[in-house]
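Keep the structure open as you read.

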Amino acid sequence: MEIYERLGVRTYINAKGTITDYGGSLMDEDVLRVMEEASHNFIDIRELHKKAGEYIARILGVEACAIVSGASAGLAVSAAAAMAGKNVAHILQLPDTSGMKNEALILKCHRTEYDQSVRLAGARMIEVGSATHCCIEQLEDAVTEKTAMMIYSAESEKLRGSLPFRSIVSVMEKYGIPVIVDAAAELPPVDNITRYLDMGASLVVFSGGKEIRGPQASGLVVGKRELIEACDLNQCPFHSIGRSMKVDKETICGLVRAVELFAGKDYDKELSRWKAISTEIAEALAGPYVHTRVGYPQMPGTEPRIIARAYLSFAGFEGAEIQKRLYDEGLIVGADESEIIINPQCLACGEDKKVIEMVSKLTEELYHEQNCRKA
Ligand SMILES: *Cc1c(COP(=O)(O)O)cnc(C)c1O
């Protein structure tokens, strides 16, 4: 029996995207092979962290890279690096920040559940502006002698209360305050790896277990060498905040292979393939009760925004209800108030047909039930 069957754990078709709640993404066979290979030997984990980080930095064309146990861990370790740097006494003292700069500036509309990781390191979040408005003077005004970093949420960039990344950097550079970007799910496009760094970010955090398709518990922090070295000193095996966010040798090696595959992928082709799948699904499922369209997400939190989705609305039903019924059948989709959202990013070969089959079956059931009730 296979492991999930032995445990009595259900498996699903994932038409929602790289969502941690459902296992993130699936690794390539070759990534698994490398992880298995890595499991045969002892190494010095400090050397592996350093050399694998340097190798990934070269592949991605960035100055330096620290390998962490996820984007959330990346935020905690980056925040620790911004406050304690390479000072061993300070590293050991966190999350007690006495005697250190400990304020993390963040635009109010950039607050997310993930900034708890920044607070975990001991930082205090200082909100700037309101939910719908912020001006550069407010940002200038928020800088104090305790400011240790600015946190920028890439997915919130387009919100009304946000400020352009370049204006943020121009203020922070004046005071020598590092800017840390949460870009966990901002891939593709691949050039987002360097986009924020080119505009002056100090550190940018990505998940290894989303579109990079590395191990689920992996992540990358890329950026300035001095801060990346501080990140590594603020994580395992060093006694530090990041000691509890260990990355094992198999994960590090798997991530290296995943990054190689990711960097070699033809994303123009992949984006067209995804669009074709969404179009096929939308066309196959359109009918008298079901309105369908192909589009791109507008709201933050539904990254990556350049992958085309199929949007389906069912007459007389809310999105959440359809989502629940499909979940019960073993199909995971997204939903908003009026629609369900099908993201092809994690569909395996042939699963598009399965999605069409499952949604068609539900549609028949729904409107058969309704017509019977009317009769
Ligand atoms: C997924 C995500 C994270 C967390 O990433 P992990 O790799 O699961 O730790 C953090 N921030 C944002 C915006 C995310 O989408």
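**Charged pairs and a loop residue**

Lys-361 has a relative accessibility of 45%, so the residue counts as partly exposed; that label covers values between buried, under 20% relative accessible area, and exposed, over 50%, computed with a 1.4 Å probe on protein chains only. Its partner here is Glu-365: the two side chains form a salt bridge, with 3.3 Å from N to O. The term stands for a side-chain nitrogen of Lys or Arg within 4 Å of a carboxyl oxygen of Asp or Glu. Glu-365 is partly exposed too, at 30% relative accessibility. Both residues belong to helix H14 (residues 351–374), where they sit four residues apart, about one turn of the helix. Helices (H or I, at least four residues) and strands (E, at least two) are DSSP runs, numbered from the N terminus.

A word on the ground rules: this is a predicted model, in which local features need pLDDT of at least 70 and side-chain atom pairs count only at pLDDT 80 or more, while totals for chains, interfaces and linings use all residues. Residues are numbered from 1 along each chain as its sequence is written, and side-chain values use heavy atoms, leaving out hydrogens and water.

Side chains of opposite charge can pair when their charged atoms come close. How many salt bridges does the rule give here? The count comes to 27.

Now turn to helix H2 (residues 29–38), which holds both Asp-30 and Arg-33, three residues apart, about one turn of the helix. Their closest N and O atoms are 3.0 Å apart, in a salt bridge. Arg-33 is partly exposed, with 43% relative accessibility.

Arg-257 is partly exposed at 21% relative accessibility, and Glu-260 is partly exposed with a relative accessible area of 25%.

Finally, visit the loop between helix H6 (116–120) and strand S4 (124–128), where you will find Ala-121. Is Ala-121 buried or exposed? Ala-121 is buried, with a relative accessible area of 0%. Leaving aside residues up to four places away in sequence, Ala-121 touches Ala-76, Ala-79, Ala-80, Met-83, Leu-94, Pro-95, Thr-97 and Ile-241, where contact means heavy atoms within 4.5 Å.
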